[in-house]
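Visitor: I would request a close look at a single part of this model, the ligand site. Please describe its surroundings in one connected account.

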Amino acid sequence: MALSADVLLKAAREYGTPLFVYDADLMLQRYRDLYDFISWPKLRIFYALKANYNVALLRTLQEAGAALDTVSPGEVQLAQRLGYTADRILYTANSMTDAEVREVQRTGVLMNIGELSRLEKFGREFPGSRVCVRFNPDVVDGETAKTATAGPATKFGILMQDVERVVAIAARYDLTVVGLHEHTGSGLTMEASVYQSMANLMSLATPERFPHLEFLDFGGGFKVPYRPDEKRVDYRAMGAEIARLFREFCGRYGRELEMRFEPGKCIVAECGHLVVEVNTLKDNRGRLIVGCNSGFPQLIRPMLYNAYHHIVNLSHPQGAPRTYDICGNICETGDRFAEQRVLPEIREGDLLDIENAGAYCYSMGGIYNLRPMPAEALVRDGRLSLVRRALSNAQMVEQLLSECV
Ligand code: LLP
């Protein structure tokens with residue numbers, strides 16, 4: 001991975017553990033790679049900020065000119081406070097409340113609506129508005145069933161068969177449909193899924209139905225390798241095919257539209273590390289159990305999705321290999337970062353690096369068992385700094401009490 005063991009050990013020494021460390025240089029490279037790989041002049045990347053809302057990372061992307069995909073009024077507020085203007089934000093929440101729609105509509109951020117009933121209510125309250133409409137592309141793919149976002153079993157998007165109903169609602173309320181959107185899933189396992197979802201959305205986007213389109217948004221979902229032996233998708237080849245398909249579509253549509261993607265994982269996953277310290281080691285009749293000073297509320301993907309995160313023994317890399325369960329400090333049996341994982345011999349006090357911890361780790365975190373979330377450090381232009389402090393136990397308790405009425 002990108003950050004060396006030396007940098008991670010130094011970060012742990014300076015700021016303590018558990019600690020998230022992000023490589024902003026790698027994040028920027030992943031972001032820029034997308035523009036390099038998908039050669040479409042009107043390409044725009046909307047980073048899905050739910051993947052990681054670290055303010056230093058968001059500032060870095062802001063300076064690089066990125067736009068954002070947001071899913072809650074809180075995300076919109078944070079984005080605007082960081083200088084992302086309304087034209088650089090898309091709002092793709094689901095199960096929105098009326099109050100939430102009003103709040104976001106006031107900011108000038110474009111709404112992406114994925115339910116007929118919400119579109120109807122939106123039209124009634126804000127006739128004459130610009131809007132984006134989210135369809136379910138009916139392609140089932142994703143790293144796990146929980147992260148497949150399209151097809152018959154999902155709550156997201158309007159069915160393609162209902163496209164004429166969308167057209168009718170738009171006409172009734174004089175809505176200008178400026179964009180169509182789909183998101184197939186996270187960690188798409190097949191390149192064909194990307195092309196098929198694109199084709200399905202493009203098949204709806206006729207000039208007769210939607211004469212005012214400015215963009216098509218094909219969501220996120222670009223897969224990153226989590227296992228050391230996993231092959232990286234050839235995104236250059238994929239980008240060429242994506243551009244070819246879109247060029248053909250624009251020919252049919254009659255205008256060169258903007259192409260949007262809104263990836264989270266492929267921009268930030270690989271840039272993140274969670275460094276933890278080993279507190280306990282026990283031998284349960286031959287099963288070696290490691291206890292660390294972090295747990296699933298701080299990195300839930302293994303427990304929630306059975307996700308593989310590669311783990312490196314930073315402080316004893318030359319140890320003889322042994323097989324371990326790498327557990328956390330939470331009072332639940334499922335609190336494991338890895339099961340039966342072969343690692344160089346682990347000793348109490350060793351520091352472990354849990355890799356690919358940049359996407360959906362801190363951002364899905366919580367304080368279950370009342371352990372504060374870890375601090376976050378950043379490497380930018382090769383320089384290490386602390387960018388977010390952890391709350392102390394006393395501060396966390398104070399905050400809890402202050403919330404009580
Ligand atoms: N656009 C929409 C509408 C989304 O719902 C998502 C992710 C994205 C874009 C970004 O997808 P990405 O490029 O990051 O795959 N917590 C799960 C992933 C959940 C993704 C939710 N939506 C995980 O840790 O794998």
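Guide: In what follows, Ala, Val, Leu, Ile, Met, Phe, Trp, Tyr, Cys and Pro count as nonpolar, Asp, Glu, Lys and Arg as charged, and the others, Gly among them, as polar. By these classes the shell around the ligand holds five nonpolar, seven polar and six charged residues. The model is predicted: local features need pLDDT of at least 70, side-chain atom pairs count only at pLDDT 80 or more, and totals for chains, interfaces and linings use all residues. Residues are numbered from 1 along each chain as its sequence is written, and side-chain values use heavy atoms, with hydrogens and water left out.

The ligand is surrounded by 18 residues, each with a heavy atom within 4 Å of it; Ser-186, Glu-262, Lys-265, Arg-301 and Tyr-360 are the closest. For Glu-262, a polar side-chain atom lies 2.7 Å from a ligand nitrogen atom. Of the 580 Å² that the ligand exposes when taken alone, the protein buries 92% (Shrake-Rupley method, 1.4 Å probe).

The chain is divided into domain 1 (93–261) and domain 2 (270–402), with bounds from an automatic or database domain assignment. Each domain supplies at least three residues to the shell around the ligand. The domain centres, taken over C-alpha atoms, are 35 Å apart.

Conventions. A polar contact is a pair of N or O atoms within 3.5 Å; within protein, one must be able to donate a hydrogen and the other to accept it, and residues adjacent in sequence count only if both atoms are side-chain atoms.
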